[in-house]
Amino acid sequence: MLRPSLNVLAAMTLVSLLATTGRPTVAYGQAGKPSALPSTITFIFPLAAGGGGDVQTRLVARHLPKYLPGNPATVVRNEVGAGGRAGVQYVARSKPDGSVIGAAYTPGALSNQITSGADAGYDFSKFVLLTSTYHQAYTVAAGPKTPYNKLDDLKKAGHAISFCVTGDIDMAYTVIAAKVVGFPFRLIPGYKGAPLAVAGLLRGDCEVVSFSLEFTNRYLKEGVRPIAVHAEERDKLWPNVPTSKEQGYPLDLKIDVVFFLPQGSPVEIANVLREGLTKLYQDKEFLDAIRAAGFTPTFADTKRTQQMGAGLFELFSKYASDIREAAAKVH
Amino acid sequence: MFEGMATAILALSQPHVIGILILGTIIGLVAGVLPGLGNVQAMAVALPFTFGMDRITAIYFLSSIASSATFGGSITAILINIPGTPANATTVFDGYAMTKRGEADRALAISATASALGGLVGIAVLVGAIPIAQWMTLQFGPPETFMLVLLGLVTIAYAVQGNVVLGLVTAGVGMLLSLIGNSPVTGVYRFSLGSKQYLWDGIQQIPFLVGVFGLSEAIRCGMQGGAAAQVGEIARTKLSGILRGAVETFRYPYTFVQSTIVGVIVGIAPGIGGSVSNVMAYALAAQTSKDPMYGKGSAEGLVAAESSNNATIGGDAIPTLAFGIPGSAAMAVLMGGLTLHGVAVGPWLMKEHMEIVWVVVFGLTAGNVLSSVFGLLVTRWIARLPTVPMALILPIVVMLVFVGSFAVRQNFWDIGVTVCSGVLGYFLIRYGFSPLPFIIGFLLGDAAELAFLQSLHISQGSPLIFLNHPLSLGLFLVAVAVGIYPLLRSRVIKEA
């Protein structure tokens, strides 16, 4: 706990910040001696403050400076708009000097690009990928008044299964799962956030939702019934829920938050940041903070992040026409 | 439940927590006063400063910021015709008119009192709703939300003054402007002129509102000269006058109750917030008010505007704490703050962490009450601002307009929107149009579109969905009753 005097000091700084900028930006750490890195690094997160990815980014921004030369100040900025495209575009347009780090859900950024084409305003393959975190399997969960217990039940329903969807990721993964499993579906779009979509599921707006495992797990007591995990192996949180693969459908659909730099960023800067992020994910204090926030800490190095990104790009490219068709039906 | 309350109260007895509450309130007030900033921005900036605090102190800090900015936004609305936040959009109509009459002190006192009382009612509903909060949250699906917004839209009929047809056209133009950009349901771009830099994401509320109100008034005053208020009248400001203004709020119990009910219900409904409740309550009160000065400097109008938007904050907290559904952008940041401090928000919060729920309740209460108390304390001094000659104050007002417009997203195109909407607002007023229907159309248009299209997606195109749900049907009947009431009343008056 801070002593009152420190609180006052913090507040004075905060009032000064408020007076100089209106953006929801935050500063972490102190500027130190000169280094290859700029004195201030801004993390751009393309969605609103408060969600899981935003919290993860803020925790990284808070703890990362101690592993970077010069102990730079870090700032988190929510560059919201156009379903997440605006933030990723902002990174694409930024100076490649290490002053801006993008943080985004990889499937969201990629599906946006694939469904929007040139309208997306960026080419994700051109970004310099650093590392990734917040890896989780996607799931399929049914509402309490539905009879569905496994993926085959969706096939046998005899009608198009309704899904409450929030945006690009759950829509794309629903389309892919429906294609692989072979059930007809219809999308009910426009839910502003996964909790609202789950409320819609419980209310009966739709029959099924598809969200990440840790998130869906929060609503089991309310009647949300998981019927499949799109992963290679069962998750320890849900030992009794069979994977899609076990049910005969080899789906491996995950989300993650990737950290990336604008195209043309110097390798030296990228490597310094990669090294810092790698050390950060071995820091007990940081990992405890992630756990305290209710998340399971995960980490993938650059090579693994690139592999996962390439895999996702291939997956989305394969189903691009199906995703576009589903989006067009919504229109 | 009571153990949790005891923990929250115990924390309140610590001096540093009280200090943090005062600090949070001041920060919220400052953010509210500065056009372009609001509780969302202030809370987001404040988040990292809570890392060094213990969990309960941090939540007190964030909650007090959340509930104090709305009153702060009324100060600039009243004094210089710039709504500090979108939730103060209709506060300008009566607040600034009173300022021009030399009654800024009275207006500020009414606003402070109505804000505090409205906020307290909202929080009282939150506390009362704790046992049924989850049930309440699930009642508001897309059809119910659409009917609630429709109720707001039918109030345009009351907001139109003079030429009804032209007034409705104005409202329609406001609605069309709200539909520009990326559709919230389909992702299709409408009226964005192929823009990949600005219009694809629609017209932002703050740059638009500060233009329509602040810049248009600056243009008018610049042409007219003088001062916004008469020096002599403001110079008579006395504490007794401020107290009389505060007491005046109690003269409109019906308007107050009606407006706080609107505020709370809008708060519970997901996806719509203080800006919607503010225009709905204001326009509804216009129908019931017998004050001929309504919209031109009426205390009743100010009570409606400022009690509703503050009552919404308590309503917003219900889905947030009951189900993890952020009732507003500020509540989303509060949820993020809770998560960062190891309290994952979801349906279990009210079962497993009642102490956190009570901390939020007390934090919101403290921010709400303290901000109004601070407002009353400084009224004597800030009420003199409008007596400053226009030549001195206009550059500051124009600077505030543009800084406020730019500060939201640091996008120069927002300044362009402010200029355009300022010129539009100036000509609207000059040629005798009330900006109210225009603003109602703009603030409610996109919420109506989202809820309407979602409902039709659920029902696979059948409009009967709006009548099959009991709450939706009830709201529809209320909207019909509210819509035909002025027609019936005018017929009765004619026959008499």
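Asn71(A) is found in the loop between helix 2 and strand 3 (73–78) of chain A, where helices (H or I, at least four residues) and strands (E, at least two) are DSSP runs numbered from the N terminus. In this predicted model, local features need pLDDT of at least 70 and side-chain atom pairs count only at pLDDT 80 or more, whereas totals for chains, interfaces and linings use all residues. Residues are numbered from 1 along each chain as its sequence is written, chains are lettered from A and ligands numbered from 1 in the order in which they are written, and side-chain values use heavy atoms, with hydrogens and water left out.

The phi of Asn71(A) is near 45 degrees, a positive value in a residue other than glycine. Most residues other than glycine have a negative phi. Asn71(A) is partly exposed, its relative accessible area being 31%; buried denotes under 20% relative accessible area, exposed over 50%, and partly exposed the range in between (1.4 Å probe, protein chains only). A positive phi in a residue other than glycine is also found at Gln460(B), with a value near 55 degrees. Gln460(B) lies in the loop between helix 22 (435–458) and helix 23 (465–468) of chain B and is exposed, with a relative accessible area of 62%.

Chain A contains twelve helices and eleven strands. Of its 331 residues, 60% count as buried. Contact means heavy atoms within 4.5 Å, and residues 24 or more positions apart account for 77% of the contacts in chain A with a separation of 6 or more. The accessible surface of chain A is about 12,800 Å², with 55% belonging to carbon and sulfur atoms; accessible areas come from the Shrake-Rupley method with a 1.4 Å probe, and for residues only the protein chains shown count as cover.

Within chain A, helix 4 (residues 106–116) is mostly covered, ten of its eleven residues being buried. Among these buried residues are Pro107(A), Leu110(A), Asn112(A), Gln113(A) and Ile114(A). Just after helix 4, Gly117(A) takes a positive phi of about 60 degrees.

Two further loop positions of chain A were examined. Ser212(A) is placed in the loop between strand 8 (208–209) and helix 8 (213–217) and is buried, with a relative accessible area of 8%. Apart from neighbours within four places in sequence, Ser212(A) is in contact with Gln136(A), Ala137(A), Tyr138(A), Thr139(A) and Ile255(A). Asn149(A) occupies the loop between strand 5 (128–142) and helix 5 (151–156). With neighbours within four places in sequence left aside, Asn149(A) is in contact with Arg225(A) and Ile227(A).

Chain B has 24 helices and two strands. Its radius of gyration, taken over C-alpha atoms, is 22 Å, close to the 23 Å that the globule rule (2.2 Å times the number of residues to the power 0.38) gives for 496 residues, so chain B is as compact as a globular protein of that length. The C-alpha trace spans about 60 × 60 × 55 Å along its principal axes. Buried residues make up 64% of the 496 residues in chain B, and its accessible surface comes to about 17,300 Å², of which 71% belongs to carbon and sulfur atoms. Among contacts in chain B between residues at least 6 apart in sequence, 79% join residues at least 24 apart.

Eleven of the twelve residues are buried, so helix 17 is largely enclosed by the rest of the structure. The cover over these buried residues includes helix 2 (52–63) and helix 10 (284–292) of chain A, together with helix 3 (39–46), helix 4 (55–80), helix 16 (299–323) and helix 19 (354–382) of chain B. Helix 17 is followed by Gly342(B), whose phi is positive, near 80 degrees.

On the chain A side, Val55(A) is placed in helix 2 and is buried, with a relative accessible area of 1%. Not counting residues up to four places away in sequence, Val55(A) touches Gly50(A), Ala293(A), Phe295(A), Gly336(B), Thr339(B) and Leu340(B). Gly336(B), Thr339(B) and Leu340(B) are among the buried residues of helix 17 of chain B. The C-alpha atoms of Val55(A) and Ala293(A) are separated by 8.2 Å, although the two residues are 238 apart along the chain.
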